[in-house]
Amino acid sequence: MNGNIKQIYEEYELLLLTEQHIETLYNWNIEEKHFEYYTCRPLKLCQSFQEYVSRMLTAISKREKRIYVLMRKEDCHIPLGKITLFDFNSRNHSAEFGYYLPKNNRAQGLGSIMLEKFIETSFKDDELNLNKIYATTSSNNLPSIKLLEKFGFRLDGRLREHCWIDEYKYDQLVYSILKHEWIK
């Protein structure tokens, strides 16, 4: 990392989600008109803020998910993006993750900063003891594919016509990175 990029990178931090951040994330859900473009999973949009808070806090308290938010260090009250680690498999030392940036924070390099900090955090966490992290994306989501490949994720597999968006069918791609591939 050259000095200028490193300085920009250091302006941000990845923090575990707190209750004070949940309203911002809920608003992203309300404002996003096309979640179907960003996930191959069934959409589970909450009807109310209380339902959203309950769902988030339950998943966190049951240790089903770890939700991180990207913040600018000078203003740790406004999340810029989120990344969620889930589907923990302690036997195989793996977990899946998904990430999201609201429209106004896309195409600014924040995805790269968030993913790099997340990979580092995930592999250094002794409690998680992960050997592999993986993500799925739709074959039409070129920004996500480019981001994953930029950080050395490899295409593990393709589920053909697994993601339906409107009347179009796309493949679901599974990308992963192993701990020894990240630690150089």
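Me: Start with H3. How far apart are its end C-alpha atoms, and what span should its residues give?
Reply: This is a predicted model. Helix H3 covers residues 49-61, which is 13 residues. At 1.5 Å a residue they should span 18 Å. The end C-alpha atoms are 18 Å apart, so the two values agree.

Me: Which residues of H3 are buried?
Reply: Tyr52, Val53, Met56 and Ala59. They cover an arc of only 140° around the axis, which puts them on the same side of H3.

Me: Why would residues three or four places apart point the same way?
Reply: An α-helix has 3.6 residues a turn, so residues at that spacing point the same way.

Me: What is exposed on the other side of H3?
Reply: Gln50 and Ser61 are exposed there.

Me: And what covers the buried residues of H3?
Reply: The cover includes helix H2 (19-31). Strand E2 (65-72) and strand E3 (81-89) are also part of it.

Me: What comes just after H3?
Reply: Arg63, with a positive phi of about 60°. Arg63 is found in the loop between H3 and E2. It is a residue other than glycine.

Me: Is Arg63 buried or exposed?
Reply: Exposed. Its relative accessible area is 59%, and the cut-off for exposed is over 50%.

Me: Which loop holds Asp166, and what is its phi?
Reply: Asp166 lies in the loop between strand E6 (154-165) and E7. Its phi is near 55°, a positive value in a residue other than glycine. Asp166 counts as exposed, at 56% relative accessibility.

Me: Let's go to E7. Where does Ser176 lie, and is it buried or exposed?
Reply: Ser176 lies in strand E7, residues 168-178. At 6% relative accessibility, Ser176 counts as buried. The cut-off for buried is under 20%.

Me: What does the side chain of Ser176 join up with?
Reply: The side chain of Asp156, through a polar contact of 2.6 Å.

Me: Which other residues is Ser176 in contact with?
Reply: Leave aside its neighbours within four places in sequence. Then the contacts of Ser176 include Lys132, Ile133 and Tyr134. Gly152, Phe153 and Arg154 are also among them.

Me: What about Leu173? Buried or exposed?
Reply: Leu173 is buried, with a relative accessible area of 4%. Leu173 lies in strand E7 too.

Me: Which residues does Leu173 touch?
Reply: Residues up to four places away in sequence are not counted. Leu173 touches Ala135, Thr136, Thr137, Ser139, Ile145, Leu155, Gly157 and Arg158.

Me: How far is Leu173 from Leu159, C-alpha to C-alpha?
Reply: The separation is 6.5 Å. Leu173 and Leu159 are 14 residues apart along the chain.

Me: Now Lys179. Which helix is it in?
Reply: Lys179 lies in helix H6, residues 179-182. Lys179 is partly exposed, with a relative accessible area of 26%.

Me: What is Lys179 in contact with?
Reply: Phe123, Leu130 and Asn131, leaving aside neighbours within four places in sequence. The backbone oxygen of Phe123 lies 3.3 Å from a polar atom of the Lys179 side chain.

Me: And how far is Lys179 from Ile133 by C-alpha atoms?
Reply: They are separated by 8.2 Å. Along the chain, Lys179 and Ile133 are 46 residues apart.

Me: Switching to aromatics. How many aromatic pairs are there?
Reply: The count comes to eight aromatic pairs.

Me: Which residues do the ring pairs link into a cluster?
Reply: Tyr68, Phe97, Tyr99, Phe118 and Phe153. Phe153 is also in contact with Ser176.

Me: Zoom out. How many helices and strands are in the chain?
Reply: Six helices and seven strands. From the N terminus on, they run α-β-α-α-β-β-β-α-β-α-β-β-α.

Me: How much of the chain counts as buried?
Reply: Of the 184 residues, 41% count as buried.

Me: What share of the contacts comes from residues 24 or more positions apart?
Reply: They account for 61% of the contacts with a separation of 6 or more.

Definitions and conventions
Residues numbered from 1 in each chain as written. Predicted model: local features only at pLDDT ≥ 70, side-chain atom pairs only at ≥ 80, totals over all residues. Heavy atoms only, no water. Helix = DSSP H or I, 4+ residues; strand = E, 2+ residues; numbered from the N terminus. Expected span 1.5 Å × (residues − 1). Buried < 20%, exposed > 50% of the residue type's maximum accessible area, 1.4 Å probe, protein only. Arc of directions from axis to C-beta. Contact = heavy atoms within 4.5 Å. Polar contact = N/O pair within 3.5 Å; in protein donor to acceptor, adjacent residues only side chain to side chain. Phe/Tyr/Trp six-rings, centres within 6.5 Å; stacked < 30°, edge-to-face > 60°.
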